[in-house]
Each structure stands twice: as structure tokens, then as C-alpha cells.
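Trainee: I have the sequence and the model open side by side. Could you walk me through what you see?

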Amino acid sequence: MSLKNPFETRQMTTPSNYMPFIFADSGTNIVPNDLISADVALHNSDLYSVTSLISADIAGAIFTGTNPNALNVLNKPSHLTSRYNF
């Protein structure tokens with residue numbers, strides 16, 4: 001999407017022999033073909049947006065369970081900041 005044309009469509013043609021993933025362990029596990037670092041991935045605005053939304057949802061969740069020590073850490077990870085700022 002560009003500022004001049006917000007309804008711009010894009011197409012990407014991939015070669016017919018391109019495989020974005022490979023099968024490992026006799027086809028039981030699917031592994032990405034090329035891995036990139038988180039630093040490179042977060043330069044993609046779509047991935048950054050999704051990561052921000054998921055982390056905000058997790059920060060706003062109230063965890064329940066039977067282990068009080070784990071619940072204290074999950075629900076209040078720091079006594080200095082809130083869950084959103086942690």
C-alpha cells in the first residue's frame with residue numbers, strides 16, 4: 001500500500017520449484033526452509049503489528065491456576081512496573 005494509491009495490489013511470483021518449508025524426520029516434522037532473526041522480522045510492519053497485539057493480549061490476561069508462586073509471577077511480573085510495561 002502506498003500513500004498515493006491506498007488500494008494498490010501487489011503480486012509476487014515464486015518459482016515453481018520453491019519450497020518455503022522442508023519435511024524433516026521422514027515427513028513427520030515441518031521445518032521452515034530459511035530462518036531470519038527477530039530483528040529482521042520486526043522490520044516488517046505486519047509482523048510487528050501482530051506481535052504487538054499478541055503481547056498486549058497476553059499482558060492484559062489474568063492467569064489462573066493452582067501454583068500460587070507461578071501466578072504471582074505471571075499476574076504481576078515486577079513490583080516496579082505494570083504488566084504492559086514489563
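Mentor: Let us begin with Ile22, which sits in strand β1, a stretch covering residues 21-24. Please keep in mind throughout that this is a predicted model.

Trainee: Stepping back, what does the secondary structure come to?

Mentor: The protein has three helices and two strands, and reading along the sequence gives the pattern β-β-α-α-α.

Trainee: And how much of the protein is buried?

Mentor: Of the 86 residues in the protein, 5% are buried. The protein exposes about 8000 Å², of which carbon and sulfur atoms supply 60%. As for contacts with a separation of 6 or more, 10% of them are between residues 24 or more positions apart.

Trainee: Which residues form the nonpolar patch on the surface?

Mentor: The patch is formed by Val50, Ile54, Ile58, Phe63 and Leu74, which together have about 430 Å² of accessible area. Helix α2, residues 45-60, gives the largest share of the patch, with three residues.

Trainee: Where does Phe63 sit, then?

Mentor: Phe63 is in the loop that runs between α2 and α3, the latter being residues 68-75. Phe63 counts as partly exposed because its relative accessible area is 30%.

Trainee: Back to α2 for a moment: what span does it reach?

Mentor: From its first C-alpha to its last, α2 reaches 22 Å over 16 residues, and this is close to the 22 Å expected at 1.5 Å a residue. At the start of α2, a side-chain oxygen of Asn44 also comes to within 2.9 Å of the backbone nitrogen of Asp46.

Trainee: What about His43, where is that one?

Mentor: His43 lies in the loop between α1, which covers 38-41, and α2. With a relative accessible area of 67%, His43 is therefore classed as exposed, and the side chain of His43 reaches the backbone oxygen of Asp39 at 2.6 Å.

Trainee: Changing topic, which backbone atom does the side chain of Ser78 reach?

Mentor: The side chain of Ser78 reaches the backbone nitrogen of Leu80, at a distance of 3.1 Å. Ser78 itself belongs to the segment after α3.

Trainee: Why does Ser78 count as buried?

Mentor: Ser78 counts as buried because its relative accessibility is 15%, and the cut-off for that class is under 20%.

Trainee: And Pro77, where is it placed?

Mentor: Pro77 is also found in the segment after α3, but Pro77 counts as partly exposed, because its relative accessibility is 29%. Computed along the sequence, Pro77 and Ala59 are 18 residues apart, while their C-alpha atoms are 9.9 Å apart in space.

Notes: Residues are numbered from 1 along each chain as its sequence is written. This is a predicted model: local features need pLDDT of at least 70, side-chain atom pairs count only at pLDDT 80 or more; totals for chains, interfaces and linings use all residues. Side-chain values use heavy atoms; hydrogens and water are left out. Helices (H or I, at least four residues) and strands (E, at least two) are DSSP runs, numbered from the N terminus. Buried means under 20% relative accessible area, exposed over 50%, partly exposed in between (1.4 Å probe, protein chains only). Contact means heavy atoms within 4.5 Å. Accessible areas come from the Shrake-Rupley method with a 1.4 Å probe; for residues, only the protein chains shown count as cover. Patches are made of residues with over 30% relative accessible area and no salt bridge: like charges are joined within 9 Å, nonpolar side chains (Val, Leu, Ile, Met, Phe, Trp, Tyr) within 5 Å. A salt bridge is a side-chain nitrogen of Lys or Arg within 4 Å of a carboxyl oxygen of Asp or Glu. A polar contact is a pair of N or O atoms within 3.5 Å; within protein, one must be able to donate a hydrogen and the other to accept it, and residues adjacent in sequence count only if both atoms are side-chain atoms. The expected span of a helix is 1.5 Å times one less than its number of residues.
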